[in-house]
Amino acid sequence: MKNIKCDCGHVNPEGTVLCESCGKPIEGNQHIDGNDNKRLLNMRYDGTARRSQTYNKSIVDKIWSFFSSVKVGVWLIVIALVASAVGTIFPQEQYIPIDAVSRDPAVYYQDAYGILGQIYYQLGFHNLFSSWWFLILIALIGVSLVICSLDRFVPLYKALKKQKPQRHHSFLSRQRLFSETEEVTEEEKQKVINSLKAQRYKINEENGHVLAEKGRFSRWGPYVNHIGLIIILLAALLRSTPLFYTNEYLWVREGEQKVIPGTKSEYFIENKGFILDLYDENDDRFKAALEKQGTMVPSNFQTNAIVYKQSEDVVTGAEAQLEKVTEDEIRMNHPLEFEGYKIYQSGYQLNEVNQMTFTIQEIENEDGEPLAEFTIDVTDPKAEYELDNGFKVEINEFFPDFYLDSTGPKTETQFPRNPTFIFKLYPPNSDESETSFVGDVISAAEALGINTEAVELNPMGEVLGQFATNLDATGENEYKISIQDMDFHRVSGLSIRKDHSLPFFGVGALIFMIGVVQGMYWQHRRVWIRPTEKGLMLAAHTNKNWFGIKKEIENSIENTNIKMVDDQQELDE
Amino acid sequence: MGNLISFSSTMLYTAFILYLIATFFFGFTIRDKHTSTSKGSKGVAAKIGISLTIAGFIAQLTYFITRWIASGHAPVSNLFEFMTFFGMTIVLAFIFIYFIYKLTVLGLFALPVALIIIAYASMFPTEVSPLVPSLQSHWLYIHVTTVSLGQGILAISFVTGVIYLIKHIDQSQLNWRNFSLEAVLYSLVLFIGFVVITTTFNTMDYSASFEYKNGSKTYTTEYNLPALAGPNEGILLTEGVMEPWFETPAWMHGADAGKKFNTLVWSFITGTIIYGLVLLILRKRIGAAIQPLLKNVKLDLLDEITYRAVAIGFPVFTLGGLIFAAIWAQEAWGRFWGWDPKEVWALITWFFYAAFLHLRLSRGWHGEKSAWLAVGGFAIIMFNLIAVNLILAGLHSYA
Ligand code: HEM
């Protein structure tokens with residue numbers, strides 16, 4: 001290691017720009033902080049030697065220098081910024097609207113946004129924020145943060161600890177704030193020192209040389225906030241493991257009890273009732289807005305739920321013994337909590353079909369008595385139903401959540417939200433079947449102007465059945481199957497989350513906030529006084545808020561002959 | 001209830017007028033030959049200006065509180081309420097910064113920005129609207145007010161940035177820099193264009209209904225401006241009104257794209273006419289016309305305030321826009337971050353100002369470059385407030 005000895009006798013490590021002891025610029029190293037050709041000294045790291053600026057031979061050195069450059073850091077941030085903006089041009093996959101023509105991304109983007117949408121999808125931008133390259137970008141920011149902070153923290157710490165009041169005259173005259181006064185009395189000088197003291201500067205005096213300093217701790221702000229950021233990034237890493245994070249979704253019907261997914265079948269939940277409240281359209285406060293909007297606005301959705309735990313002392317083979325753990329109302333912004341899990345009200349389905357009752361009639365004699373009647377439990381339909389009078393019905397196809405597109409009938413989900421059947425009907429003593437297409441009550445209801453998402457259909461089951469689709473595909477049927485009645489129920493959509501990574505995020509965020517506030521709301525201010533033959537030199541530096549430090553200097557030299565410091569700032573342009 | 005609401009609206013109106021008058025008093029202060037922070041008659045004008053500003057702020061605060069009482073929830077739940085609140089935080093940030101730096105020219109620029117934003121906000125539905133369940137949380141107010149305060153403080157850096165650019169950039173002949181600056185000023189005029197045209201047709205009670213298809217559903221929409229751009233494949237239902245000149249292109253999706261596009265076209269036309277008139281009167285670019293008024297303003301002080309406003313605003317914005325937002329999202333949806341467009345744009349804003357702060361660490365990014373960055377940051381904030389709501393609409397249901 002090549003050490004550098006300064007005129008003042010201090011031995012500095014290689015790469016030092018300003019002597020650690022007296023601050024005199026070290027010849028031959030001024031390019032490192034860009035001080036050559038400038039009148040002012042770069043004071044950001046007090047001219048200390050930094051690894052990144054000193055060694056540049058091995059691969060490790062090169063990587064280190066690369067990541068410790070603020071320029072590289074800013075570039076990474078800017079790239080992340082632009083990438084994020086790109087991610088909002090079209091919706092991300094999880095935000096494809098529910099009423100889109102198709103929620104299949106391969107179809108949706110092209111259908112909705114044409115060729116640009118197609119390109120967007122093929123480049124993988126519909127999942128941009130979980131793409132490998134975005135994650136790498138964030139990881140690189142993390143690496144850059146760590147290296148950058150290490151590169152500067154240690155040298156800066158040493159430099160600030162070692163400072164001596166006595167500084168070389170060229171160090172003072174090349175500060176942004178500087179003045180030299182020819183004649184100053186000792187009294188005047190003492191006045192300045194006292195006034196600085198009164199303004200909460202710490203005074204360090206040595207042979208008439210003075211260093212007044214305050215707010216040094218604010219210099220650590222960036223390092224503190226970067227630590228916070230790193231903790232947040234690590235928390236994000238933890239969260240990607242199932243140990244720390246589970247996320248499940250569950251539909252529970254009213255009155256139903258189900259095992260809670262993600263709990264290893266340990267817990268059960270019972271839906272005692274789902275409540276949907278709407279704003280009263282006669283409420284004085286909201287009347288005007290509700291009228292304008294023309295739709296109903298929910299004021300609350302809520303599931304009254306009980307959580308049970310399977311008791312430990314179950315005799316093997318016996319019925320599971322359930323013990324009540326908690327009972328609560330789950331609302332938006334009011335999740336239910338139990339033993340590390342939280343259950344959120346995430347969705348609801350007002351009109352899921354429970355049971356459907358059908359009748360069979362002769363087409364010739366539509367108003368007559370039905371020949372047979374059968375009921376299907378839509379949540380668990382059988383393949384075949386044997387009926388009175390020798391009829392037999394086979395379910396040829398079943399669409400629980402029916403919709404029609406250009407390629408034919410489909411089901412949107414496996415939930416019975418719009419059950420539709422293709423039946424094969426075998427009349428008594430016949431091997432020949434007739435085909436009937438029955439269902440799609442939701443379209444029938446909407447055709448009648450009913451908003452099926454806000455209105456409960458349950459009382460209308462019988463009436464709606466008459467409007468349901470009823471197709472005779474061949475036109476040769478003798479019998480007609482129609483909906484006699486249907487029974488709806490309400491289903492609550494619940495998210496189950498367990499997230500042990502939250503405390504880490506919380507701590508990271510807290511540390512980040514402490515760090516930025518520390519670095520932004522306080523400043524590190526230093527004033528140097530160097531005696532000359534009869535007078536003194538006055539110089540000052542702050543890492544930000546020059547207006548503030550100038551005011552303090554003005555205060556301190558009041559009623560003395562000492563000249564106010566000149567602002568020698570060079571706005572580079 | 002009705003009385004309280006109308007009292008509340010009157011207070012907002014009062015605040016608006018007070019800010020307007022205060023602007024003129026701040027205008028007086030810079031016509032002085034000698035100094036911009038001086039004593040004498042100009043000092044009196046500055047005192048009156050800041051007093052009126054504070055009075056206006058108190059009036060607006062009264063609006064806010066009474067509306068809160070009347071509606072039962074903090075009035076930050078729709079675009080009108082949210083934007084007026086943003087106007088208020090800009091004024092608050094201005095008052096705060098003013099007392100540090102006593103720079104009167106700030107008032108001359110900051111108050112008009114706040115005025116434009118409040119006027120813009122008032123063009124959206126102002127009825128008290130009910131809160132949907134996902135917004136019924138204390139975190140809503142905590143989050144929105146803090147973000148808004150952060151953005152208000154950051155807006156001051158935009159104001160000083162613009163003043164810096166107007167003063168600093170050479171106006172002797174047209175070049176890329178003064179052209180860009182003029183574009184910034186022109187875009188402020190577009191907002192005025194929007195306000196003027198909307199108010200004009202509102203007082204005429206103009207209305208035309210259209211029916212149009214979006215996906216498989218048919219919607220009707222009511223235009224309050226004559227339709228230059230009709231909805232895509234829309235059918236005009238109202239009789240005796242102007243037929244649309246052209247259709248909104250099909251690739252513009254989203255709720256009510258036609259109406260929004262039409263409003264945009266009108267704002268451009270009106271704004272451009274207003275801008276043209278101003279040019280005719282001034283006989284030079286707006287930037288060039290203002291420049292001589294700024295003779296006494298010090299560039300390095302402006303630069304310092306730009307940086308200081310970012311330094312103060314950044315932590316507040318982080319707290320409100322990212323941390324409180326995440327806490328609320330965790331309470332409401334069980335996920336503190338979901339990459340919805342509003343969240344992503346908050347992150348973009350945050351990245352942007354982080355980049356700004358890091359660039360300030362090195363030489364060469366002070367002065368004009370900083371000023372441009374401050375303008376860019378404000379553009380991102382406005383984009384998030386307006387465009388993301390109206391175009392990219394995420395979970396945040398201000399619309
Ligand atoms: C999004 C990520 C980041 C955020 C939010 C952030 C935030 C901050 C903040 C607020 C400051 C204080 C600035 C000031 O005092 O004016 C700072 C300083 C700093 N940051 Fe970052 N930073 C980030 C990423 C990075 C990266 C990737 C690097 C690496 C090149 C980096 C290097 C630095 C350095 C060298 C300082 C100055 C330290 C000092 O003054 O002693 N930052 N950062």
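The iron atom of the ligand sits in an octahedral site, with angles of 82 to 177° among its six donor atoms. Six donors count as octahedral if opposite ones are over 155 degrees apart and all others between 65 and 115. This is a predicted model, in which local features need pLDDT of at least 70 and side-chain atom pairs count only at pLDDT 80 or more, while totals for chains, interfaces and linings use all residues. Residues are numbered from 1 along each chain as its sequence is written, chains are lettered from A and ligands numbered from 1 in the order in which they are written, and side-chain values use heavy atoms, leaving out hydrogens and water.

**The iron site**
- The protein donors are H226(A) and H358(B), each through NE2, at 1.9 to 2.1 Å from the iron atom of the ligand; donors are N, O and S atoms within 2.8 Å of the metal (3.2 Å for Na, K and Ca).
- The pair joins two chains, because H226(A) lies in helix α8 (residues 221–239) of chain A and H358(B) in helix α10 (residues 341–360) of chain B.
- Helices (H or I, at least four residues) and strands (E, at least two) are DSSP runs, numbered from the N terminus.
- H226(A) counts as buried, at 13% relative accessibility, whereas H358(B) is partly exposed at 24%.
- Here buried means under 20% relative accessible area, exposed over 50% and partly exposed in between, with a 1.4 Å probe and protein chains only.
- For comparison, ideal angles for six octahedral donors are 90 or 180 degrees.

**Domains of chain A**
- An automatic or database assignment gives domain 1 (50–162), domain 2 (166–215 + 523–573), domain 3 (245–348 + 496–507) and domain 4 (350–489).
- Between the C-alpha centres of domain 2 and domain 4 of chain A lie 91 Å.

**A sheet in chain A**
- Five strands form an open, antiparallel sheet in the order β14-β15-β18-β19-β20.
- At its edges are β14 (384–386) and β20 (469–472) of chain A, each pairing on one side only; two strands pair if DSSP finds at least two bridges between them.
- Strand β19 (residues 434–439) of chain A is joined to the antiparallel β20(A) by four bridges.
- Opposite S436(A) stands D472(A) in β20(A).

**Two residues with positive phi**
- Most residues other than glycine have a negative phi.
- E339(A), not a glycine, has a positive phi of about 35°, and its place is in the loop between β11 (336–338) and β12 (341–362) of chain A.
- W339(B) also has a positive phi, near 55°, in the loop between α9 (299–333) and α10 of chain B.
- W339(B) is partly exposed, at 23% relative accessibility.

Definitions and conventions. Tetrahedral: all angles 85-135°; square planar, octahedral: opposite > 155°, others 65-115°.
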